[in-house]
Amino acid sequence: MALTREQLAQRVAQELKDGYYVNLGIGIPTLVANYVPEGIEVMLQSENGLLGMGAFPTEEEIDADLINAGKQTVTMSKGASLFDSAESFAMIRGGHVDLTVLGAFEVDVQGNIASYMIPGKLIKGMGGAMDLVAGADNIIVTMTHASKHGVSKLLSQCTLPLTGKGCIKKVLTDLAFIEIKAGKFHLLERAPGVSVEQIIELTEGELVVPDVVPEMSFA
């Protein structure tokens with residue numbers, strides 16, 4: 001069974017480590033703020049100038065002036081700070097973010113990512129994605145494995161305009177957790193109830209499958 005948006009965020013949150021500075025992209029990645037594991041402290045950064053972003057607010061907590069880069073209302077955690085976007089991008093470009101979580105339209109076996117443009121369609125635009133993929137060393141992409149028509153988004157070569165080249169190391173889809181290395185996709189985990197055969201069928205790029213592929217755990 002394919003993972004929900006919330007389960008994708010939960011699984012990504014398992015990759016957080018104590019003391020990390022983390023940038024969460026627009027869409028599914030923003031949900032990771034709600035699932036930071038107990039016992040660790042991370043500082044979530046938003047390109048519009050917030051370091052120390054907290055979980056999404058309840059109705060009582062909503063402050064219309066406090067938003068993330070996707071214009072969603074957010075909360076601030078203890079020790080948070082506010083500054084202008086120039087300083088925010090200096091952090092990103094200077095390599096001071098330990099983990100970046102992004103959405104994407106396509107990813108290929110060379111670690112290329114296409115995430116900002118589909119010709120002929122109205123898309124929000126680049127935002128800070130190009131800076132994030134250029135300045136970050138550790139990037140996880142979270143996305144659906146295939147389109148609603150069953151067309152793979154994990155490709156031998158991206159077909160859409162690239163956001164960045166050779167920068168993606170791991171991809172979490174609604175079907176699988178995959179590492180990219182040596183010009184191939186390597187299957188690490190599968191979603192509960194999803195077979196290896198289903199993943200192979202919906203992966204256009206070369207996929208290396210180990211003898212045993214564990215199911216993801218959300219405990």
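User: How do the residues lining the second largest pocket divide into nonpolar, polar and charged?
Analyst: In this predicted model, local features need pLDDT of at least 70 and side-chain atom pairs pLDDT 80 or more, while totals for chains, interfaces and linings use all residues. Side-chain values use heavy atoms, without hydrogens or water, and numbering starts from 1 along each chain as its sequence is written. Here Ala, Val, Leu, Ile, Met, Phe, Trp, Tyr, Cys and Pro count as nonpolar, Asp, Glu, Lys and Arg as charged, and the others, including Gly, as polar. The lining of the second largest pocket holds 5 nonpolar, 3 polar and 4 charged residues.

User: What volume does the second largest pocket have, and which residues lie nearest its centre?
Analyst: On a 1 Å grid over the protein atoms alone, a pocket is an open set of points with protein on both sides within 12 Å along at least five of seven lines, a cavity is a set where a 1.4 Å probe fits but cannot get out, and lining residues have an atom within 4 Å of a point. Volume is the space filled by probe spheres on points joined across faces, edges and corners. The second largest pocket has about 330 Å³. Of its 12 lining residues, those nearest the centre are Phe105, Ile118, Lys121, Ser147 and Lys153.

User: How much space lies in the largest cavity?
Analyst: The whole structure has 1 cavity of 30 Å³ or more. Among the residues lining the largest cavity are Leu24, Ser46, Glu47 and Met53, and by class this lining has 4 nonpolar, 5 polar and 1 charged residues. The space in the largest cavity is about 40 Å³.

User: Which residue of strand 3 is the bridge partner of Ser46?
Analyst: Strands are DSSP runs of E of at least two residues, numbered from the N terminus, and two strands pair if DSSP finds at least two bridges between them. Strand 2 (residues 43–46) pairs with strand 3 (residues 50–53) in the antiparallel sense over 2 bridges, and the hairpin they form has 3 residues between the strands, with Gly49 in the turn at a positive phi of about 115°. The partner of Ser46 is Leu50.

User: Which residue of strand 4 does Leu50 stand opposite?
Analyst: Strand 3 also runs antiparallel to strand 4 (residues 76–82), joined by 3 bridges. In strand 4, the residue opposite Leu50 is Leu82.

Terms used
Helix = DSSP H or I, 4+ residues; strand = E, 2+ residues; numbered from the N terminus.
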